[in-house]
Amino acid sequence: MQTASARISLVIADITKLDADAIVNAANTSLLGGGGVDGAIHKAAGPQLLEECRRIGGCPTGEARITRGYNLPARWIIHTVGPIWRGGVDGEDELLASCYRNSFTLSERHGIKSIAFPAISAGVYGFPMERACRIALREMKAFLEKRSEMETEIIAVCFSGSAYRCYQDAMQELW
Ligand code: AR6
């Protein structure tokens, strides 16, 4: 049995290129696309993704919804809506943790064995990266420790060298 840390890989990559069972999208409550990673995912997946998202009809902050991956290498896309940073006094930490937990719940339900996450909320939504990646890794670790018999691989996707260093520092603290 592998340890939780051995089942989390840290990569610098464009998440749309990853050949995981599922990639996670940092969406907004409309689920109708936007900028950042959301825009990149919709562009790479193609227009059928927008059609399926329209049918879903939105997603509250902290929750998650699943669609097919269409033209992406990934079979599934889990769309989750992170909190907008308002200084940390508006329940942002707990809402961000819920994004990860609800994404994992969907991944288990769909038998997903590899899942790649961007740094949810740490772009346009302004969540400080150091704080966001600690919450992300804490939830990833908790998920893997609870299901140590399962073969799930988690990929934490960084979009810059500075994000990568934040994750590395947080990993050292948490393990
Ligand atoms: N691959 C991996 N990571 C990426 C990519 C990519 N292709 N593109 C950006 N990132 P953001 P949020 C990183 O802004 O803060 C959208 O308009 C980025 O560097 O995409 O949750 C939605 O529609 C950052 O570290 O998401 C919402 O309105 C991280 O992904 C809003 O932005 C998240 O940045 C959501 O804001």
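Start by selecting Glu63: with a relative accessibility of 32%, Glu63 counts as partly exposed, since buried means under 20% relative accessible area, exposed over 50% and partly exposed in between, with a 1.4 Å probe and protein chains only. You're looking at a predicted model, in which local features need pLDDT of at least 70 and side-chain atom pairs count only at pLDDT 80 or more, while totals for chains, interfaces and linings use all residues. Residues are numbered from 1 along each chain as its sequence is written, and side-chain values use heavy atoms, leaving out hydrogens and water.

Arg65 forms a salt bridge with Glu63, the closest N and O atoms being 3.1 Å apart; a salt bridge here is a side-chain nitrogen of Lys or Arg within 4 Å of a carboxyl oxygen of Asp or Glu. Arg65 is partly exposed too, at 25%. The structure holds 10 salt bridges.

Next, pick Asp90 and Arg86, another salt bridge, with closest N and O atoms 3.3 Å apart. Asp90 is partly exposed at 46%, whereas Arg86 is exposed at 51%.

Then jump to Glu139 and Arg101, whose side chains meet in a salt bridge of 2.9 Å, N to O. This pair links distant parts of the chain: Glu139 sits in helix H4 and Arg101 in helix H3, 38 residues apart. (Helices are DSSP runs of H or I, at least four residues, numbered from the N terminus.) Glu139 is buried at 7%, while Arg101 is partly exposed at 37%. Select Glu94 and Arg138 as well: with Arg101 and Glu139 they are linked in a network of salt bridges.

Stay with H4 and show helix H5 (residues 161-174). How far apart are the axes of H4 and H5? They are 9 Å apart, and the helices pack at an angle of about 50°, with axes fitted to C-alpha atoms over the stretch in contact and angles running from 0 to 180 degrees between N-to-C directions.

Within H4 (residues 129-146), click on Lys141. Lys141 is buried, with a relative accessible area of 19%. Setting aside residues up to four places away in sequence, Lys141 touches Ala4, Ile8, Leu174 and Trp175, where contact means heavy atoms within 4.5 Å.

Last stop: Asp38, in helix H1 (residues 36-45). Asp38 is buried yet has no salt bridge, and the nearest side chain of opposite charge, Arg54, is 12 Å away. For charge, Lys and Arg count as positive and Asp and Glu as negative, with His and the chain ends not counted.

Key
Helices (H or I, at least four residues) and strands (E, at least two) are DSSP runs, numbered from the N terminus.
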